[in-house]
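Hello,

Here is the structure I promised to pass on to you. Please have a look at it first, and then read on for my notes below.

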Amino acid sequence: MSRESRTFEARRRKLLVTMSERCSAEPVRVTIPFADNDIPDFLDKLDKWEAASRKSRVKVP
Amino acid sequence: MAKSRFARQAQGLSLEIFPIERPFSNFDFIRQRFPQVHTLRRIMSQVRQLGGRTMALEKLPESGDLREENDDIRTRDPAFRKSECWRLSFFWKRFRSERGLASARSDEFVGYAIIKDDEIPSKGRKVRIYESVLRPSRYPNNCIRGMQEWTCTVGGNQLSIGGYLYAQQNDFTNVCAHVALRAAAARFHPDGDMSYRQMNTIAGVDHRTRTVGDGMGLDTAEMLAILQAAGASCFPADYTVPPAQRPDVPFQKLIYGSIESGYPSIAVFATARGGGNHAIPIFGHTFNEDTWVPCAEMSYFRIGRDVAYIPSESWVSMYIAHDDNWGSNYCVPRGYLHLQMVCDRLPGGPTPCPLDPESVAFVVGTFPSNVRTGPVQAEVIGADYLFKMRPQMPKGAGVWAERLRLYADNNLLVLRPILLDGRDYVEHLSMVRDWSRRRVRARLVDALGGILTGKLWMVELSVPELFSANKRKVGEVLLRADVSPGRSRDLSSFVLARLPDYFALYSGGGPQTPRYQFLPSGASGHVELFGCEDTAAT
């Protein structure tokens, strides 16, 4: 995990702790798995297209 | 006197003042003074529309930017000698003397246009609008974000004007790609403007071994390099790639993601047969709350079998753009720009239709340099989180939990991606109120204040009637914008979500079984969209 990611994780943890402390009501805890859908494949295709588009040489006279 | 860097800030060599209310004729003035500049008719017609009352006309000395362009013209044509320049400045204020001009304020300044007249022996006489900034029209449905402030000196009086810079090409040292880039790059460049020489240096145009004009220009890879050098992060989409080799992403989503967040986009499209490609900067849109488009099936954005929703850009009616051939601040109908139709009746299988050449070839959305997630990725990842969280909302989430289920079952949820700073979100949350005028708990908003930093994507969740008529939403998800999303679902970009009545915060559990805590937010049901605070119907 990169330093940036660790910093973000720490910040997100702080967000949870601070907001939980400030909330008078008992939090509701749930587990939410990702949906089994086509989004990962879509993002992969999008990523490849974007990379190819960066190299494109469409002429603009 | 020290030479000004920019023509807009140069001290004029002469000054004429014109009252331009009726019976003053813009057509007569242009015919008498600048008959070659047909785009000036568009500029002055906007001034008329805006209610301009007085015009100051100044002849300009050779400022730093003009000299740079003149030197480049001379590099290409050493016989080039004569260049003249004028600045037209427009005011709401009525005045007839230098004294009246000296006391004019920025809020009385409508805008300006600089006209450059070059006699290039190998090209002929080229008179064009070198640059212009006008206030945009005041129609309430026009939405232009991220306008820069341009500082001008008119008759010695320093004034500022907000807008996106319009410029025309000279087709000798710069072309349409350059002027579109200038409008966009200025939003990011540390100097507040990017010169054509800077662009040409990046692209390797030296006006000797490589020239531009007369059908020669830049290519899209060079355009991206120029935008990145200016300080932009670019999200390009090449629509000349055959449809089977790219995801089905409407180019409108890229444009909207940029302009709604306050950053310009550039569209490259093919013109009439044989005319080649043309580039225009797009920097705003009009919002039509009564449009039929979202009702049409084609406006659903679908990913596979399970994810379908209505993109908020379905309510865009027009794009606001400059076209260097015709003038500034035009409204381009959303449906007028389109992708090339594919013909499946030709031998060899589906192929671009030869009868439909005038189509979008390439689009680039721009964002600040530290943005790594694009608007399409953000919207899709946000949908992934929101659509999975929605059915898991705690009991007691109110009537909107059930309403959202009905809308979701019919693919009628609306998503709107917008890039913002953490502090913008905190300010937004501190302003919004639910339908019963309750605010999000101040203690919770304050807690966010010191923790949310940097650029974030906020994907807002709404339903059609609430979104279009009341400009309200039922929730949002915040995602980091400074990390590349990739395809893995590791929650590395999830910051928090807010659904009716609750915040949802990640509390661990890893990618396979992420755990969340739902905390009551204090606001129930729906609140205003970002940028629409306090404007909702009551």
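**Salt bridges inside chain B**

B:R87 and B:E58 form a salt bridge through their side chains, with 2.9 Å from N to O. Please keep in mind that this is a predicted model. The two partners come from distant parts of the chain: B:R87 sits in strand β3 (residues 82–91) of chain B and B:E58 in strand β2 (residues 54–59) of chain B, 29 residues apart. B:R87 is buried, at a relative accessible area of 0%, and B:E58 is buried too, at 2%.

A second pair is B:R182 with B:E131, whose side chains meet in a salt bridge at 2.5 Å, N to O. Since B:R182 belongs to helix α5 (residues 176–185) of chain B and B:E131 to strand β5 (residues 124–134) of chain B, the pair ties together parts 51 residues apart in sequence. Both B:R182 and B:E131 are buried.

The salt bridge between B:R438 and B:D434 has its closest N and O atoms 3.0 Å apart. Here B:R438 is partly exposed, with a relative accessible area of 41%, whereas B:D434 counts as buried at 3%. There is also one network, in which salt bridges with shared partners join B:R145, B:E260, B:R416, B:E460, B:K473, B:E476 and B:R498. Over all chains, the whole structure has 45 salt bridges.

**Where the chains meet**

How many salt bridges run between chain B and chain A? The count is one: B:D219 pairs with A:R57, their closest N and O atoms being 2.5 Å apart. Between these chains there are also 20 residue pairs in polar contact, both residues at pLDDT 80 or more. On the side of chain B that touches chain A, α9(B) gives the most, with eight residues.

The contact involves 81 residues from chain B and 46 residues from chain A. Together the two chains bury about 6000 Å², 64% of it on carbon and sulfur atoms. B:I451, B:R487 and B:R489 supply 12% of the area that chain B buries against chain A, more than any other three residues.

**The nonpolar cores**

The largest nonpolar core has 125 residues, of which B:I266 and B:Y516 touch the most other members. Helix α9 (residues 375–389) of chain B provides its largest share, nine residues. Domain 1 (1–158) and domain 2 (375–537) of chain B both contribute residues, so this core lies between them. Apart from it there is another core of 29 residues, including A:L15, A:L16, B:V440 and B:V495.

Best wishes

Key: Residues numbered from 1 in each chain as written. Chains lettered and ligands numbered in written order. Predicted model: local features only at pLDDT ≥ 70, side-chain atom pairs only at ≥ 80, totals over all residues. Heavy atoms only, no water. Core = buried A, V, L, I, M, F, W, Y, C linked by side-chain atoms within 4.5 Å. Buried < 20%, exposed > 50% of the residue type's maximum accessible area, 1.4 Å probe, protein only. Helix = DSSP H or I, 4+ residues; strand = E, 2+ residues; numbered from the N terminus. Domains from an automatic or database assignment. Contact = heavy atoms within 4.5 Å. Buried area = accessible area lost by both parts, 1.4 Å probe. Salt bridge = Lys/Arg side-chain N within 4 Å of Asp/Glu carboxyl O. Polar contact = N/O pair within 3.5 Å; in protein donor to acceptor, adjacent residues only side chain to side chain.
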